[in-house]
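Subject: Structure handover

Hi,

Here is the structure to look through. Please open it first, then read my notes beside it.

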Amino acid sequence: MPESFILYPKPKARDCTKSTSLTELKLAAKCEKDERQTLVSRSKMCVNAVWIAKSSSGAKGKGMLISKDVDAIVDFVDGSTQGHVVQRYIDSPLLLAGQRKFDIRCWVLLDSQYKVYFYKHGVLRTASDPYKPDDLCDITSHLTNHCLQETQSKNYGKYEEGNEMFFEEFDQFLYAEYNTSIETCLQPQFIAIIKDCFDAAKQTLYSPDGNRPYSSFQLFGFDFMVDSALKVWLIEINGAPACAQKLLPELAEDIIHTAVESLFPPPPGNRMESENHSNPVNHSKFTLV
């Protein structure tokens, strides 16, 4: 993951004649964990670095700022009402045809036994316009959010339908340009990062079945970028990830195969059961990591 720092807006001066709201108290408590001083110190050591601020509750490209000026980043956060993650911007990304940026959404399933599964189908969210490292204000050349691309770029859909490239086409690009593939070059990096994340979070996320009266699972969306040296970077993890419409039916079915049927096998005569209910994961595109 790129260098990352958590910033919270500074609490505004309080009117002593008014009571303090619960929201204000929570924000004041979070500010104790604010890492702005560390960010400022680090920026002085990386004078040409670019930084990106992303709101903790942002969506659709909102609540974001890209800048070389850390003071501007801090002011941007202080002018908001939400905490932000400030990351070192990956300013040498791998580019597609048309010199365009992209990020990669991979889906990861965590089952009730804390087994982690990687979904072999993924999607690239692509930019509509050429990457412009010297123009940080040209937002559609830097951010690949669908809603932002669709509403702000006249080139939306010019290269890929809905600005989505699926792994089969991306594999063709990698082979043609770099004589490599997702499975050979990128997937091992995806899986290593995913395993590290769940190992680090296990104490927080996992409770043995004996301690709770139910079993649960969760689907996560891991967002990655790839730089010009084909190094994979984790950008963020989503706990309620959207899915490309093309992949949604099969993904939903594979979640049932992998996370549900292991606990609740289908009844006799069911189509899925008749194929091989003894090991429903065999039919899934999820791979245990």
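**Overview**

The protein chain has nine helices and 11 strands. Helices (H or I, at least four residues) and strands (E, at least two) are DSSP runs, numbered from the N terminus. This is a predicted model, where local features need pLDDT of at least 70, side-chain atom pairs count only at pLDDT 80 or more, and totals for chains, interfaces and linings use all residues. Residues are numbered from 1 along each chain as its sequence is written, and side-chain values use heavy atoms, with hydrogens and water left out.

The protein chain holds 289 residues, and 42% of them count as buried. Buried means under 20% relative accessible area, exposed means over 50%, and partly exposed is in between (1.4 Å probe, protein chains only). The chain exposes about 16000 Å². Carbon and sulfur atoms supply 52% of that area. Accessible areas come from the Shrake-Rupley method with a 1.4 Å probe; for residues, only the protein chains shown count as cover.

Now take contacts, meaning heavy atoms within 4.5 Å. Look at those between residues at least 6 apart in sequence: 65% join residues at least 24 apart.

**The cores**

A nonpolar core is a set of buried Ala, Val, Leu, Ile, Met, Phe, Trp, Tyr and Cys residues joined through side-chain atoms within 4.5 Å. The largest one has 31 residues. Which of them touch the most other members? They are Ile104, Phe170, Leu186, Phe190, Phe198 and Phe224. Six elements give this core two or more residues each: strands E5 (102–110), E6 (116–119), E9 (218–226) and E10 (232–238), plus helices H6 (167–178) and H7 (182–205). H7 gives the largest share, eight residues.

Zoom in on Phe198. Leaving aside neighbours within four places in sequence, Phe198 is in contact with Val108, Leu110, Tyr114, Val116, Leu205, Phe220 and Phe222.

Next, find Ile237 in strand E10. Is Ile237 buried or partly exposed? Ile237 is partly exposed, because its relative accessible area is 39%. Not counting residues up to four places away in sequence, Ile237 touches Cys197, Phe220, Gly221 and Phe222. Ile237 and Phe220 are 17 residues apart in sequence, yet 6.8 Å apart in space, C-alpha to C-alpha.

**Rings and charges**

Rings of Phe, Tyr and Trp (its six-membered ring) pair if their centres lie within 6.5 Å; planes under 30 degrees apart count as stacked, over 60 as edge-to-face and the rest as tilted. By this rule there are 11 aromatic pairs. Phe222 and Phe224 form a stacked pair, 6.1 Å centre to centre, with 25° between the planes. Phe222 is buried, at 0% relative accessibility. Phe224 is buried too, with a relative accessible area of 0%. Ring pairs also link Tyr114, Phe118, Phe190, Phe198, Phe220, Phe222 and Phe224 into a cluster.

A charge sits over a ring if NZ of Lys or CZ of Arg is within 6 Å of the ring centre and within 35 degrees of the ring normal. The charged end of Arg100 sits over the ring of Tyr159, 3.9 Å from its centre. Arg88 lies over the face of Trp51, at 6.0 Å from the ring centre.

**Helix H2**

Helix H2 covers residues 36–45, and Arg36, Leu39 and Ser43 are buried there. Seen down the axis of H2, the buried residues fall within an arc of 55°, so they line one face of the helix. The arc is that of the directions from the helix axis to the C-beta atoms.

The face turned away from the buried side of H2 carries the exposed residues Gln37, Lys44 and Met45. Cover for the buried residues of H2 includes strand E1 (4–7), strand E2 (51–55), helix H3 (70–78) and strand E4 (84–88). Arg36 counts as buried because its relative accessibility is 9%. Not counting residues up to four places away in sequence, Arg36 touches Ile6, Leu7, Tyr8, Pro9, Lys10, Val74 and Asp78.

**Two loop residues**

Asn163 has a positive phi of about 55°, although it is not a glycine. Asn163 lies in the loop between helix H5 (146–152) and strand E8 (164–166). Leu230 has a positive phi near 65°, and its place is in the loop between E9 and E10.

Best wishes
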